[in-house]
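Please open the structure in a viewer and keep the selection tool at hand.

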Amino acid sequence: MNATNLALTLNPVSALPFHLLRPVPPPALVHQTFAAIDFSADAIRLKIVRMLSTGALRTIHKETAVCPCGSGIPENDVAGQQAMRFVLTTLRRYAGLCSAHGAILRAVATPAFERTWAADDIVARGRTEAGIEIDVISRREEAHLLSLATLDGTAAHVRSLLIDIGPDGARVILTAGEQPIAFWELAFDLGAAAAAVASAGASAADRCTLVNVLRVQASGIVAAARPGSPTGGVSAVVATAGTAAAVVGFAADGGTTATSAEVGSAVDRLRSFADRHLRLGFDPGPADVVLPGAILLDAILDHLDQLDHPGPGTIRIVDRALGDGVISDLARTCGDADREVRGLA
């Protein structure tokens, strides 16, 4: 089996100062209910929260719809029309929910979403047919919002590494407090890797060989990018909601913190599972890519352990994602200035 032709490539390191990008409302505008729609390549997520008198943000509604537009070009026009109809129906329903709760809404789409076959049509028709303006954000703003989502309120002197794994690979973000100061992109096509693993079937020998090839490739990508703090150790390594959190949860047997060794062992455990077993215990989104995601996460943690200033040797889950960062940002910029925002409850 030839697994070396997988499109697993390196995207050059970017470690530049950040310019924080935030929507600026009119000074007199004050809202107490906020909503975020988060478009990725494979899902559309809605979250609505209300700010309490204490400043805490309480979730009052959340849901996820699997996005059919991220699974490749449709086989025919009918399939494409059905996918688009589903997306627009979902957007109209989300808009209705936000209106019913009187929420101020921001809809964002990741750079990965921008590469899907229907991205331009969704943005245009979302505006005209659902009344939702979808903001396709940059990698820099994505890093800012992910950092705010997972590290909201962290003291400025605390250095952390945030790891977010998506269909196109991983983003490793170095932060000071809740602010990103550098980031690295590791381009590793989880879908292609998952398809290769599936083609190996139930043969233990074939799966072992393929996983070893993928491990070598992932390690090479991480070694070339060299993510981590160049001047000192970090206090915490954090996994965002989604594939990274699914891997850590599996490695920790349902817990929220795993060691580097436990993540490495998880790759071996996942490798031995047939596909039907692999799906047990995982949400539909991460299920197909959890093994390649584990391979990539293991390579990142192994690299961090070998640095002159290694990390803590563990990774913990913070069950928040991009939409949570959007909401925290809205609450700070559009909320009651007399209230201290205390994070999502």
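Is arginine 171 buried or exposed? In this predicted model, arginine 171 has a relative accessible area of 6%. Buried means under 20%, so arginine 171 counts as buried.

Arginine 171 and aspartate 168 form a salt bridge, and their closest N and O atoms are 3.5 Å apart.

A salt bridge joins arginine 139 to glutamate 142, with 2.7 Å between the closest N and O atoms. Both residues lie in helix 4, three residues apart, which is about one turn of the helix. Arginine 139 and glutamate 142 are both buried.

Now select glutamate 141 and arginine 106. Their side chains meet in a salt bridge at 3.0 Å, N to O. The pair links distant parts of the chain, 35 residues apart: glutamate 141 is in helix 4 (residues 139–151), and arginine 106 is in strand 4 (residues 104–109). Glutamate 141 counts as buried because its relative accessibility is 6%, and arginine 106 counts as buried at 12%. In total, the structure holds 20 salt bridges.

Finally, turn to the cysteines. Cysteine 98 is buried, with 4% relative accessibility, whereas cysteine 208 is partly exposed at 25%. How many disulfides does the structure hold? There are zero disulfides in the structure.

Terms used. Residues are numbered from 1 along each chain as its sequence is written. This is a predicted model: local features need pLDDT of at least 70, side-chain atom pairs count only at pLDDT 80 or more; totals for chains, interfaces and linings use all residues. Side-chain values use heavy atoms; hydrogens and water are left out. A disulfide is a pair of cysteine sulfur atoms within 2.5 Å. Buried means under 20% relative accessible area, exposed over 50%, partly exposed in between (1.4 Å probe, protein chains only). A salt bridge is a side-chain nitrogen of Lys or Arg within 4 Å of a carboxyl oxygen of Asp or Glu. Helices (H or I, at least four residues) and strands (E, at least two) are DSSP runs, numbered from the N terminus.
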